Amino acid sequence: MALVNEHFLKLPNNYLFADIAKKVNAFKVTHPKADIISLGIGDVTQPLCSAVIEAMHKAADEMGTASGFHGYGPEQGYDFLREAILKNDFLPRGIHLDIDEIFVNDGAKSDTGNIQELIRWDNSIGVTDPIYPVYIDSNVMIGRAGTVEDGKWSNVIYMPCNAENGFVPQIPDRRVDVIYLCYPNNPTGMVITREELRKWVNYALKNDTLIFYDAAYQAYIQDDNIPHSIYEIRGARRCAIEFHSYSKTAGFTGIRCGYTVVPKDLTAATLTGERIPLNPLWYRRQCTKFNGTSYISQRAAEAIYTPEGKVQIKDTINYYMQNAKEMLTTLRSLGFECYGGENAPYIWMRVPEGFQKEVGMTPTSSWRFFENLLYGANVVCTPGVGFGPAGEGYVRFTAFGSHEKTAEALNRIEKWSK
Ligand SMILES: *Cc1c(COP(=O)(O)O)cnc(C)c1O
């Protein structure tokens, strides 16, 4: 008899975006003619840029020739891409990494989920709350998160981020083995200053804590004072692993490519106190379980570092950030309390008074607001509580739509709210 991994059974079987789809479908049944605009799911909408398309055509043609055919590539990625990463994403910020510290992957979701394989099952983990659900769920699946009660896992330390604390998570007053940070943040769209990030690095060095730093949205940072990488902070090479993705940077959600940085200085301890470098461990893990990202995808990623590619992806990012600006302006002018949206493609909005959770009501305030907006304005947002307990009382809007749809959605919200 094969025994199932029962940790999977602890996962809440409601997946946020499936629940949203269900509610939208229920609405469509009774309102078949309604034209719904989604400012909900975090997928991009604008086409790939021409530099990327040309590189993919060229790579596809190469693959059809005997001399240009590429079979299995290096598990950690081709040097042409890893060199472009070092030269463009790190050197200009004064960060010197070795090429063997870069691991090209098929996107950041896989590695942010897989990385916990490097640490023992009984490490404690800490997350800012609300948060990208992958970090916690991947720990649940191997039994590290404990049991769930009131939406909180018993072995997870939650660091709430809300309007009251300015979305600055408080450094824990005890030691935590592993901490997940994501900046710019999904879902709140907020960023971390260099000073705040330095506090985390210092905490990690002092407490022998490992930081998993998700920088998937770093390309959206507009303010020069905001760090793009945790390695801009001295000492981070000894305490942090960093994740990057081309999904939001260059519209690669359907191409699949990203990378993880595992510095060679980074170690974790055995029970007897011996320090084990994590870079060779991750290399070993990837060689066993991962067979590389496709040659065509890696050539596509390389193309975004060309002069044309850089201009083109910046244009698309500016396009989304223009949406974010208009959303912030309109929503604020209507009296809504909004956060984020200045260095990230997400607006985090506080659910206004009338929708607050009532005693004994099952739908929580963020779900109530979601339904009211859907039925009243035919606009879809994401209930904040889906990202963690501290997300209750907020909803997320994404700036990834077209200008036209975004403007139309704002018009409808304006009419509905009056
Ligand atoms: C979108 C996103 C990613 C990237 O996922 P991919 O697998 O690279 O598409 C990573 N982290 C966060 C927080 C995200 O929102």
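This is a predicted model: local features need pLDDT of at least 70, side-chain atom pairs count only at pLDDT 80 or more; totals for chains, interfaces and linings use all residues.

By class, how many residues in the shell around the ligand are nonpolar, how many polar and how many charged?

Modeller: The shell around the ligand has six nonpolar residues, four polar ones and four charged ones. Together, 14 residues surround the ligand, and the closest are Tyr217, Ser245, Ser247, Lys248 and Arg256. If you want to find your way by secondary structure, look at helix H5, residues 108-114, and helix H8, residues 246-250: each of them supplies at least two residues of that shell.

Ser247 uses its side chain, where an N or O atom sits 2.5 Å from an oxygen atom of the ligand. Arg256 also works through its side chain, with a polar atom 2.6 Å from a ligand oxygen. With Lys109 it's the backbone instead: a polar backbone atom there is 2.9 Å from an oxygen atom of the ligand. As for how covered the ligand is, it would expose 390 Å² taken alone, and the protein buries 94% of that.

Away from the ligand, a couple of strand residues deserve a look. Val178 belongs to strand E7, residues 178-182. Is Val178 buried or exposed? It counts as buried because its relative accessible area is 1%, and the cut-off for buried is under 20%. Ile125 is 53 residues from Val178 in sequence, yet their C-alpha atoms are 4.8 Å apart. Leaving out residues up to four places away in sequence, Val178 touches Ile119, Asn123, Ser124, Ile125, Gly126, Thr209, Leu210 and Phe212.

Thr128 is in strand E3, which covers residues 125-129. Thr128 has a relative accessibility of 1%, so it counts as buried too.

For Cys257, the nearest cysteine sulfur is that of Cys49, 14 Å away. Cys257 counts as buried because its relative accessibility is 0%. For Cys381, the nearest cysteine sulfur belongs to Cys338, at 12 Å. Cys381 is likewise buried, with a relative accessible area of 0%.

Note on methods:
Residues are numbered from 1 along each chain as its sequence is written. Side-chain values use heavy atoms; hydrogens and water are left out. A residue is near a molecule or strand if one of its heavy atoms lies within 4 Å of it. A polar contact is a pair of N or O atoms within 3.5 Å; within protein, one must be able to donate a hydrogen and the other to accept it, and residues adjacent in sequence count only if both atoms are side-chain atoms. Accessible areas come from the Shrake-Rupley method with a 1.4 Å probe; for residues, only the protein chains shown count as cover. Helices (H or I, at least four residues) and strands (E, at least two) are DSSP runs, numbered from the N terminus. Ala, Val, Leu, Ile, Met, Phe, Trp, Tyr, Cys and Pro count as nonpolar, Asp, Glu, Lys and Arg as charged, and the others, Gly among them, as polar. Buried means under 20% relative accessible area, exposed over 50%, partly exposed in between (1.4 Å probe, protein chains only). A disulfide is a pair of cysteine sulfur atoms within 2.5 Å. Contact means heavy atoms within 4.5 Å.
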